[in-house]
Amino acid sequence: MRLLSVISDFSLSPHCFTLKVQRRTTVCRMRRQVKFLKALAPPLIAVLIALYPLNKTPGCYALAQSAEIERGGALFSHACIGCHDGGGNIIQPGATLFSSDLERNGADSEEEIYQITYYGKGRMPGFGENCKPRGQCTFGPRLQEEEIRVLAKFVKIQADRGWPNP
């Protein structure tokens, strides 16, 4: 309804100049249409941007992936670096986060890394919110499921890269 009232509201503006009556009306209509389109353009552009699948473009995907890797790195620095600095393992040398040890220990996929990080394994405590039994879980702060997924992805990417220095 508001759109109709804007369109039907015709008032002569100071932009209209007097030549001939018919031309004056035409010029006023054109100016009114341009003004209306200028007012309508920002919301239409916003809708097009919102509906455009930006996450499908390679550049945006790479940017989102690098942001996720950064987040995984921050989580790793917060929760894992004490034992796994640089992908190593100061508690149990044969359980590093390098590809060869992950493969040998049956943890060479993101899902397996997630499971071990959530529930723990051997000397490694679990960091999941619902980790049980209590003795196998960390006494420190727990991580949310989504955080552990990002962390597992980070560990897998770093393992595939050979744990390069940041």
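1. Tryptophan 163 is buried, with 9% relative accessibility. Buried here means under 20% relative accessible area, exposed over 50% and partly exposed in between (1.4 Å probe, protein chains only). Phenylalanine 154 is buried too, at 9%. This is a predicted model: local features need pLDDT of at least 70, side-chain atom pairs count only at pLDDT 80 or more, and totals for chains, interfaces and linings use all residues. Residues are numbered from 1 along each chain as its sequence is written, and side-chain values use heavy atoms, without hydrogens and water.

2. Rings of Phe, Tyr and Trp (its six-membered ring) pair if their centres lie within 6.5 Å; planes under 30 degrees apart are stacked, over 60 edge-to-face, the rest tilted. Tyrosine 118 and tyrosine 119 make a tilted one, 4.6 Å between centres and 55° between planes. Phenylalanine 154 and tryptophan 163 pair edge-to-face, at 6.0 Å and 85°. Ring pairs join Phe76, Phe154 and Trp163 in a cluster.

3. Tyrosine 118 is buried at 6%. Tyrosine 119 is partly exposed at 37%.

4. Helix H6 covers residues 110-119, and its buried residues are Ile113, Tyr114, Ile116, Thr117 and Tyr118. Helices (H or I, at least four residues) and strands (E, at least two) are DSSP runs numbered from the N terminus. The buried residues of H6 pack against helices H5 (99-104) and H7 (145-161), and strands S1 (120-121) and S2 (124-125). Contact means heavy atoms within 4.5 Å.

5. What sits over the ring of tyrosine 114? The charged end of arginine 149, 3.8 Å from the ring centre. The rule: NZ of Lys or CZ of Arg within 6 Å of the ring centre and within 35 degrees of the ring normal.
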